[in-house]
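Work through the two exercises below with the sequence and the structure at hand, and try each task before you read its solution.

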Amino acid sequence: AILDHWVNYVNRFKLKNTIYIPDEIWVFDIYAYRIAKKIFSKKQCKIYLKKNFYFVDLRNSFKKSLYKKQKIIGICLFSSPNISSKKNALKHIINYIESRFKNKNYKIILRPHPKEKINKLIQLTKGFKKLKISKNSIQKDLINSSYAYGSNSMGLVIADKIFRCKAFNLHIFKGFKNILPYKSIKQIKLF
């Protein structure tokens, strides 16, 4: 089995209230490796830390890019169903970002989650003149960004670790639980 995140390890192997432990588990970073080691014993399954070729590919494309300092501050906002399904959460987040950069020349690139409907995001973001909904690759959006915002998004990890953006994990409701293990990603409470 392959685990590409840091949560719900046991539930990923549950089917009809029975837990099926695989013979081996592959993970792609040291945090996932440590979590898997704590949860599963050596007797249950073997756990392997493997190279993340997706991250290697992203890192190589970043190194090959003609990175130029932009006159406009690029801000990448990773949306998610977690954000767009909460009443006014996306508007609140955009207003927060705009307030942090109000006296600067900036643009916000909104990256939809694959499960989100673009038409819904267009409706939710009407009136924000410095925001554009992206149809680009994550590489193109992050190469042109200095900052990244989101809520427990893998995109924040990519922005922080590969594209060297200042990344911020937004706590968008009371009881929010951070699942990102990287301390370099700053935590911001918005509730």
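In sorting residues by class, Ala, Val, Leu, Ile, Met, Phe, Trp, Tyr, Cys and Pro count as nonpolar, Asp, Glu, Lys and Arg as charged, and the others, Gly among them, as polar. The model is a predicted one, in which local features need pLDDT of at least 70 and side-chain atom pairs count only at pLDDT 80 or more, while totals for chains, interfaces and linings use all residues. Residues are numbered from 1 along each chain as its sequence is written, and side-chain values use heavy atoms, with hydrogens and water left out.

**Exercise 1.** Find which residues lie closest to the centre of the largest pocket, and how its lining divides by class.

Solution. A pocket is an open set of points on a 1 Å grid over the protein atoms alone, with protein on both sides within 12 Å along at least five of seven lines, where a 1.4 Å probe fits, and lining residues have an atom within 4 Å of a point. Of the 21 lining residues, Tyr 54, Ser 153, Met 154, Gly 155 and Ile 158 are the closest to the centre. By class, the lining holds 12 nonpolar, 6 polar and 3 charged residues.

**Exercise 2.** State in which order the strands of the open sheet lie, and why one side of E7 and of E10 has no neighbour.

Solution. Strands are DSSP runs (E, at least two residues) numbered from the N terminus, and two of them pair if DSSP finds at least two bridges between them. The order of the 6 strands is E7-E6-E5-E8-E9-E10, with parallel pairing. Strands E7 (131-133) and E10 (186-189) stand at the edges with a single partner strand each, so one side of each is left without a neighbour in the sheet. Within the sheet, E5 (residues 73-78) is joined to E8 (residues 147-150) by 3 bridges, and Ile 75 stands opposite Tyr 147 in E8.

Key
Helices (H or I, at least four residues) and strands (E, at least two) are DSSP runs, numbered from the N terminus.
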